[in-house]
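Biologist: I am new to this structure. Can you walk me through how to read it, one feature at a time?

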Amino acid sequence: MSDVYHVTGVSKRLVISSMIASAESNTGVKILGIIPDAERKVTNVSEKIIEGSYFVSSKKNAIVIGKKLAEKLKVGLTKKVIITLQDVDMNITGGAFRVVGIYETDNSLFDESTVFTRYNDLCALTGLDTTEAHEIAILVDKDSNAGIVKDILKFDYPELDIQDWTQLSPEAGYLISAMNQFLYIFIIVIMLALCFGIVNTMLMAVLERVKELGMLMAIGMNRFRIFFMIMLETVYLSITGGFIGIICGYFLCRYLEKAGLDLYFWEEAYRSIGYSSVIYPKIELNMIAFTALMVILTGLFSTLYPAYKALKLNPADATRTK
Amino acid sequence: MNIIETKGITKIYDIKTMPFQALNGIDLTFQQGEFVAIVGPSGSGKTTLLNIIGGLDNPTDGVVIIDGVNITQLSNWKKTDFRMKNIGFVFQSYNLIPVLTAKENIEFIMQLQGKEKKSVEKRSLELIEAVGLNNKTNSRPSKLSGGEQQRVAVARALASKPKFILADEPTANLDSKSTENLLDIMEKLNKEENVTFIFSTHDARVMKKARRIITIEDGKVMGDVLQEK
């Protein structure tokens with residue numbers, strides 16, 4: 001699978017629901033049996049380690065747990081926890097695992113209910129063959145390529161159930177879709193504001209220059225040229241304003257892309273649904289081009305009324321305006 | 001040779017359903033190279049007559065023939081083009097483009113006519129010299145006095161080499177010295193360029209300079225006399 005074009009990482013996993021217990025407490029968790037080096041290529045849990053390490057040592061029966069779970073079980077690094085699960089023969093079995101790492105993500109629910117062990121350790125405990133996997137996580141280079149890769153894999157492995165992230169996590173898909181809808185509404189609101197702004201500016205530009213426009217008409221500037229001149233003024237205005245706005249927006253976005261925009265006042269709410277309150281905006285070239293085009297088109301559309309007012313001027317009256 | 005002929009020009013304004021007759025059957029002819037003052041009290045119809053002769057307004061009745069062309073029958077589009085090629089305008093409040101320099105204001109109409117850059121440059125410098133503003137070539141209107149602005153306006157009106165120039169109360173906003181100066185320049189250009197000047201005024205100094213005085217009262221021609229110089 002890793003040789004499929006656009007695929008940047010492949011990680012096979014064992015996924016088992018089990019009980020985890022410490023000397024103080026116990027709870028149900030989902031155990032992911034992973035190959036650490038492969039898993040690093042598809043998830044960033046290894047970067048979320050706050051204590052210990054992500055399977056650096058090759059000691060057997062190591063486990064990485066979430067901070068929330070560690071608090072619940074009241075365990076720390078190097079402490080042992082007992083995992084109880086069913087093996088391939090449906091017998092209850094268990095094993096002692098030593099905590100080698102504690103991670104913390106933005107999703108407290110995930111932190112509380114997911115633990116990681118080595119794939120081989122889990123195979124040994126459950127009696128599963130080392131060629132087997134419950135799921136294979138695949139990371140592609142671009143979100144837009146997920147569909148292509150999915151189709152290729154479906155063709156190559158018709159016996160497998162292949163799902164993209166929107167199917168695996170539909171709520172995230174809905175959230176992004178809703179965000180996009182909101183984005184369009186925001187763009188419409190901003191464009192409307194721009195529209196009123198330009199109508200106001202250009203109307204003022206026309207009304208302040210009635211005498212000048214009248215003179216231009218009198219000395220032989222035809223209505224088409226007057227209309228073109230006003231349109232051109234708007235294009236210059238839009239390009240100048242748009243350019244400055246885009247440059248400022250671009251640098252702000254580049255800064256926030258690294259520093260992040262922390263919506264800390266909604267932190268609890270975001271965490272409860274598994275999202276970070278820190279937003280890392282990303283700006284793309286097509287978005288810049290689209291915005292620039294929209295600004296110019298909105299500007300031109302908004303100028304139609306002021307330009308119409310200019311064309312309706314009577315040169316004889318306009319030249320004598322006080 | 002007649003360059004302008006007005007026949008039975010009548011203009012009735014419909015002000016809030018109360019008709020007001022501004023002009024009542026004006027018949028006039030103007031020759032090439034004339035220096036004419038149209039005089040009369042306020043509201044007599046001087047400006048209306050100039051606007052109609054200049055094609056800025058349409059008469060209710062009658063025709064205006066300029067160099068054999070009945071401009072009252074022309075479409076707005078053709079009338080604008082006709083104005084650009086044949087008529088120069090000087091306005092009471094100068095109406096210069098504030099963001100352009102004196103030279104650029106003069107050049108503007110020639111650029112509108114699509115003339116070559118070299119000839120535009122040459123003509124604008126000639127006119128700037130003719131109106132005595134060599135040292136103000138690159139000054140914007142805000143840096144010029146009223147008299148200087150009006151001289152730029154006269155130069156601009158002449159830039160397109162029109163058949164005649166219509167000046168609506170050109171000295172109304174000027175002091176006596178500037179008025180004298182402007183009138184001298186206009187008289188000189190009238191002779192040098194053989195261009196007809198027609199101006200509306202109630203300024204005695206302008207009337208004194210004019211070689212022909214047309215008096216209008218209540219929309220009618222009450223007098224048309226030639227002055228000996």
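Modeller: Start with a rule for angles between helices. Angles under 35 degrees count as roughly parallel, over 145 as roughly antiparallel, 65 to 115 as roughly perpendicular, and the rest as oblique. Keep in mind that this is a predicted model.

Biologist: At what angle do the axes of H3(B) and H4(B) cross?

Modeller: They cross at roughly 130 degrees, and the axes come within 9 Å. H3(B) and H4(B) are therefore oblique to each other. Their crossing is right-handed.

Biologist: Which residues of H3(B) and H4(B) meet there?

Modeller: H3(B) brings B:Ala102, B:Lys103, B:Ile106, B:Glu107, B:Met110 and B:Gln111. H4(B) answers with B:Val120, B:Arg123, B:Ser124, B:Leu127 and B:Ile128. Sorted by class, the contact has six nonpolar, two polar and three charged residues.

Biologist: Now the next pair. How do H4(B) and H5(B) cross?

Modeller: H4 spans residues 117–130 of chain B, and H5 spans residues 146–159. Their axes come within 9 Å and cross at roughly 140 degrees. That angle makes H4(B) oblique to H5(B). H4(B) passes H5(B) in a right-handed crossing.

Biologist: Which residues make the contact between H4(B) and H5(B)?

Modeller: From H4(B) come B:Arg123, B:Ser124, B:Leu127, B:Ile128 and B:Ala130. From H5(B) come B:Ala155, B:Leu158 and B:Ala159. By class, that is six nonpolar, one polar and one charged residues.

Biologist: Let me step back. What does chain B contain overall?

Modeller: Chain B has seven helices and ten strands. It has 229 residues, and 45% of them count as buried. Take its contacts between residues at least 6 apart in sequence: 71% join residues at least 24 apart.

Biologist: And how many helices and strands does chain A have?

Modeller: Chain A has twelve helices and ten strands. Of its 322 residues, 23% count as buried. Among its contacts between residues at least 6 apart, 74% join residues at least 24 apart.

Biologist: How many residues does each chain give to the contact between them?

Modeller: Chain B gives 14 residues and chain A gives twelve. On the chain B side, the elements that give two or more residues are helix H2 (76–86) and helix H3 (102–112). H2(B) gives the most, with five residues. By class, the chain B side has eight nonpolar, three polar and three charged residues.

Biologist: How many residues of H7(A) are buried?

Modeller: Three of its 39, so read the cut-off first: a residue is buried if 20 or more other C-beta atoms lie within 10 Å of its own. H7(A) is hardly covered. The buried residues are A:Ile198, A:Met202 and A:Val206. They pack against helix H8 (210–218), helix H9 (223–259) and helix H11 (285–311) of chain A.

Biologist: Is A:Glu39 buried or exposed?

Modeller: A:Glu39 is buried, with 22 other C-beta atoms within 10 Å. It lies in helix H1 (residues 36–40) of chain A. A:Glu39 and A:Val10 are 29 residues apart in sequence, yet 7.4 Å apart in space, C-alpha to C-alpha. Beyond its neighbours within four places in sequence, A:Glu39 is in contact with A:Ser11 and A:Ile34.

Biologist: Last, the backbone. What is the phi of B:Lys161?

Modeller: B:Lys161 has a positive phi of about 50 degrees, although it is not a glycine. B:Lys161 lies in the loop between H5 and strand S7 (164–168) of chain B. With 14 C-beta neighbours inside 10 Å, B:Lys161 counts as partly exposed.

Biologist: Where does B:Asp218 lie?

Modeller: B:Asp218 is in the loop between strand S9 (212–217) and strand S10 (220–226) of chain B. Its phi is near 50 degrees, a positive value in a residue other than glycine. B:Asp218 has 14 C-beta neighbours inside 10 Å and so counts as partly exposed.

Notes:
Residues numbered from 1 in each chain as written. Chains lettered and ligands numbered in written order. Predicted model: local features only at pLDDT ≥ 70, side-chain atom pairs only at ≥ 80, totals over all residues. Buried ≥ 20, exposed ≤ 12 C-beta atoms within 10 Å, placed from the backbone. Helix = DSSP H or I, 4+ residues; strand = E, 2+ residues; numbered from the N terminus. Contact = placed C-beta atoms within 7 Å. Nonpolar A, V, L, I, M, F, W, Y, C, P; charged D, E, K, R; others polar. Axes fitted to C-alpha atoms, helices over the stretch in contact; angles between N-to-C directions. Left-handed = near helix turned anticlockwise from the far one by under 90°.
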